[in-house]
Amino acid sequence: MGPTSSFSLHEAAAELDLHYMTVYRHVRNGRLPATRTSSGWEVSATDLATYACGDRPDRDDRRRHFEERLIAHDDAALWRVVQGEMASGNSAADILQELIVPSLASIGARWQHGELTVLDEHQATAAAAVVVARLGPHIRRIADATRAKSGADGDPEFVVVGAPSGDTHQLAPSIVSDLLRAGGFETIELGADTPAESFAEVVNECAADGTVAAVAISVHVDIEDSSSEAHHNVKDTIAAIRATGTNATVFVGGAGAHGVDAATMGCDYVTSDIDRMLELISS
Ligand code: B12
């Protein structure tokens with residue numbers, strides 16, 4: 001680290017080689033001390049150095065251990081890791097974002113490189129689904145606290161979350177749904193491989209002002225190739241929602257959304273960042 005005495009969050013993220021949102025979350029949950037200034041958050045060089053030395057190596061080890069236990073489908077060990085994380089002050093949302101999602105991404109990359117089999121991937125998904133289900137009540141508690149803190153009264157806004165037709169990844173909509181609930185929204189989770197008309201029907205049924213649809217795509221959508229099945233299925237889902245005449249705001253995101261643009265798809269926003277989505281809905 002250089003002689004700089006303080007860092008913006010973007011600079012801190014670059015120094016730590018972490019995603020900006022991870023650093024932001026650690027500031028919000030108090031693990032990385034920071035001061036609010038007129039231009040954003042500022043982290044002192046001392047605090048950054050303490051954080052870089054103290055927390056991360058141990059955390060990386062715990063994440064790798066979690067990944068291996070996922071592959072081994074070792075439910076008991078997985079839950080012990082989760083309990084340890086909670087005991088050190090991490091929320092269920094942190095555990096989803098920082099332990100489960102990166103572990104699955106790493107498992108996907110290892111499968112892609114031929115290091116793991118599809119069976120490993122299936123076992124890991126099944127084990128992850130058990131952990132996600134067990135975290136449900138904890139997410140509910142965060143959701144209640146978030147809503148109470150924001151002073152939300154009356155009926156909550158609904159976000160309808162699903163994967164499009166042909167996309168069999170069911171954990172993605174489930175985790176996205178949990179993270180949105182933790183952000184204070186009510187969600188209706190449609191799961192994997194949702195037919196366009198069914199997706200649209202549900203969005204239309206809760207067509208109160210402010211309803212949001214989140215289309216979570218894992219199978220890569222080639223934006224240049226409108227004849228590909230994935231491209232067609234996503235576009236079809238959005239078109240079906242629009243055809244109902246609802247004024248829902250439609251978001252698209254996920255591992256398959258890289259390079260996708262809102263204008264081509266006919267949605268309002270493309271982002272895979274839940275915090276950014278929450279910011280956009282609230283603005
Ligand atoms: C488990 C898994 C499977 C399982 C799914 C089981 C199940 N029931 O869910 C199985 C084995 C069946 C499978 C099949 C396939 N898979 Co797969 N799979 C995965 C894996 C390892 C985990 C998926 C997951 O649940 N992740 C957890 C979720 C929560 O993470 P996420 O989707 O990234 O979501 C985060 C953000 O993106 C964001 N987000 C997601 N959606 C949205 C939406 C909005 C609006 C917003 C704001 C944010 C947001 O929020 C989340 C939290 O940060 C991923 C690896 C990975 N990177 O995730 C590969 C992965 C998605 N699969 C991949 C592939 C290629 C396939 C297959 C095509 C393989 C094949 N040749 O058969 C098939 C597809 C079949 C089909 N048509 O659906 C690729 C996709 C590559 C791409 N996108 O270009 C990946 C990335 C693996 C890789 N590295 O190559 N898969």
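1. The C-alpha centres of domain 1 and domain 3 lie 31 Å apart. The assignment for the protein chain places domain 1 at 6-54, domain 2 at 57-147 and domain 3 at 155-282; these bounds come from an automatic or database domain assignment.

2. The model is predicted: local features need pLDDT of at least 70 and side-chain atom pairs count only at pLDDT 80 or more, while totals for chains, interfaces and linings use all residues. Residues are numbered from 1 along each chain as its sequence is written.

3. The ligand has 36 residues around it, of which G108, L171, H220, G253 and G254 come nearest. A residue is taken as near a molecule or strand if its C-beta atom, placed from the backbone, lies within 6 Å of it. Domain 2 and domain 3 each contribute at least three residues to this shell.

4. At least two residues of the ligand shell come from each of α6 (92-112), α7 (118-149), α8 (171-182), β6 (212-216), β7 (249-253) and α12 (274-282). The largest share, eight residues, belongs to α6. Helices (H or I, at least four residues) and strands (E, at least two) are DSSP runs, numbered from the N terminus.

5. In terms of class, the ligand shell comprises 18 nonpolar, 16 polar and two charged residues. Here Ala, Val, Leu, Ile, Met, Phe, Trp, Tyr, Cys and Pro count as nonpolar, Asp, Glu, Lys and Arg as charged, and the others, Gly among them, as polar.

6. Two packed helices are described by the angle between their axes and the distance between the axes. Axes are lines fitted to C-alpha atoms, for helices over the stretch in contact, and angles run from 0 to 180 degrees between N-to-C directions. Angles under 35 degrees count as roughly parallel, over 145 as roughly antiparallel, 65 to 115 as roughly perpendicular and the rest as oblique.

7. Between α7 and α8 the packing angle is about 15°, and the axes are 8 Å apart. α7 is therefore roughly parallel to α8. Their crossing is left-handed, a term for a near helix turned anticlockwise from the far one by less than a right angle, with right-handed meaning clockwise. On the α7 side, T125, A128, A129, V132, I139, I142, A143 and T146 meet L171, S174, I175, D178, R181 and A182 of α8. This contact has nine nonpolar, three polar and two charged residues. Two residues are in contact if their C-beta atoms, placed from the backbone, lie within 7 Å.

8. Helix α5 (residues 75-87) also packs with α7, at an angle of about 45° and with the axes 10 Å apart. α5 is therefore oblique to α7, and the crossing is right-handed. Residues D75, L78, W79 and V82 of α5 meet A127, V130, V131 and R134 of α7. Six nonpolar, no polar and two charged residues make up this contact.

9. Helix α9 (residues 196-205) and helix α10 (residues 229-243) pack at about 40°, their axes 8 Å apart, and are therefore oblique to each other. α9 passes α10 in a right-handed crossing. A196, E197, F199, A200 and V203 of α9 meet D236, T237, A240, I241 and A243 of α10. The classes in this contact are seven nonpolar, one polar and two charged residues.
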